[in-house]
Amino acid sequence: MNIVKRLHLPFDSRLMGISFYIPFLLMTLTVTYTYASSGPDHIMNVAHLLEFLVCPCASMWSVYLFISYYEDEAAELLFTYPLPMMAHGLLRVCAFFILYATALGISIGLLSVTLKEVSLFQLLLLMIPQALVYSALGFVLMIGSRHPAFPLSIIGSYVAIKFFTKGSMIFPLYNIMSFSVDLQASPLLKTLAIKNTLIAGVLFVIGQYILGKRKLS
């Protein structure tokens with residue numbers, strides 16, 4: 001939070017209401033499930049909770065960070081702050097992603113304690129890049145549409161379809177998730193982590209570019 005406060009940009013968890021706490025709730029539920037359940041599908045279920053609930057929620061903060069920018073034409077005032085455009089967009093989103101990634105990392109650390117066959121490094125390698133993509137996607141869709149319903153519905157629909165199709169060619173869009181059943185970072189999944197990181201970087205740049213253009217228009 002200190003990074004964001006130093007930027008002197010308006011953000012209050014009350015703006016998001018309960019939505020601000022949903023990611024923390026899902027992380028807590030995932031950790032609780034991990035410790036409370038067992039069975040042959042235990043690890044696969046944990047993987048699904050992380051990939052289809054926890055990681056996509058990274059987009060929520062990126063979306064809600066900009067609600068105040070586009071409500072009641074508040075951007076006319078906000079963009080007059082004596083700050084570079086990067087601080088309004090990319091730096092702001094990244095500051096909150098660091099907070100999100102920290103919470104996710106703590107949750108993953110707790111998971112790795114009970115999932116003896118899964119290493120902490122492998123879990124971080126699989127999940128952090130996925131969360132980063134969703135954060136970047138929420139940012140670029142929110143800046144492009146200026147309305148939270150659009151990015152949230154697009155991301156929610158994407159995740160739901162991918163879950164039900166298991167990433168098959170029925171819905172042949174890029175698979176952000178690994179669909180791992182054992183949470184082992186194979187060479188193929190390591191490549192996926194690199195791709196997700198690169199895609200997130202491109203999306204962040206596009207979002208920042210659109211933000212700069214929208215500010216001038």
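**Legends to close-up views of the helical chain**

**View 1. The packing of helix 9 against helix 10.** The crossing of helix 9 and helix 10 is right-handed; a crossing is termed right-handed if the near helix is turned clockwise from the far one by less than a right angle, and left-handed if anticlockwise. The model is a predicted one, in which local features need pLDDT of at least 70, side-chain atom pairs count only at pLDDT 80 or more, and totals for chains, interfaces and linings use all residues. Residues are numbered from 1 along each chain as its sequence is written, and side-chain values use heavy atoms, with hydrogens and water left out. Helices (H or I, at least four residues) and strands (E, at least two) are DSSP runs numbered from the N terminus. The two axes come within 10 Å and cross at roughly 150 degrees; axes are lines fitted to C-alpha atoms, for helices over the stretch in contact, and angles run from 0 to 180 degrees between N-to-C directions. Helix 9 and helix 10 are therefore roughly antiparallel, given that angles over 145 degrees count as roughly antiparallel, those under 35 as roughly parallel, 65 to 115 as roughly perpendicular and the rest as oblique. Among the residues making the contact are Phe97, Tyr100, Leu104 and Ile108 of helix 9 and Leu123, Met127, Ile128 and Phe139 of helix 10, where contact means heavy atoms within 4.5 Å. By class, this contact has 16 nonpolar, four polar and no charged residues. Ala, Val, Leu, Ile, Met, Phe, Trp, Tyr, Cys and Pro count as nonpolar, Asp, Glu, Lys and Arg as charged, and the others, Gly among them, as polar.

**View 2. The packing of helix 3 against helix 9.** Helix 3 (residues 22-36) and helix 9 (residues 90-114) have axes 9 Å apart, at an angle of about 5 degrees. The two helices are therefore roughly parallel to each other. Residues including Phe24, Met27, Val31 and Tyr35 in helix 3 meet residues of helix 9, among them Tyr100, Leu104, Ser107 and Leu111. The contact of helix 3 with helix 9 comprises 11 nonpolar, four polar and no charged residues.

View 3. Leucine 123 lies in helix 10 (residues 120-145). At 0% relative accessibility, leucine 123 is buried; buried means under 20% relative accessible area, exposed over 50%, and partly exposed in between (1.4 Å probe, protein chains only). Beyond its neighbours within four places in sequence, leucine 123 contacts Leu50, Ile108, Leu111, Ser112, Val118 and Leu183.

**View 4. The surroundings of serine 59.** Serine 59 belongs to helix 5 (residues 58-64). Its relative accessible area is 2%, so serine 59 is buried. Neighbours within four places in sequence aside, serine 59 is in contact with Tyr134, Ser135, Gly138 and Ile155.

**View 5. The cysteines.** A disulfide is a pair of cysteine sulfur atoms within 2.5 Å, and by this rule the count is zero. The sulfur of cysteine 57 is 9.5 Å from the closest cysteine sulfur, that of cysteine 55, which is too far for a bond. Cysteine 57 is buried at 9% relative accessibility, whereas cysteine 94 is partly exposed, with a relative accessible area of 29%.

**View 6. The chain as a whole.** The protein chain has 12 helices and zero strands. Of its 217 residues, 48% count as buried.
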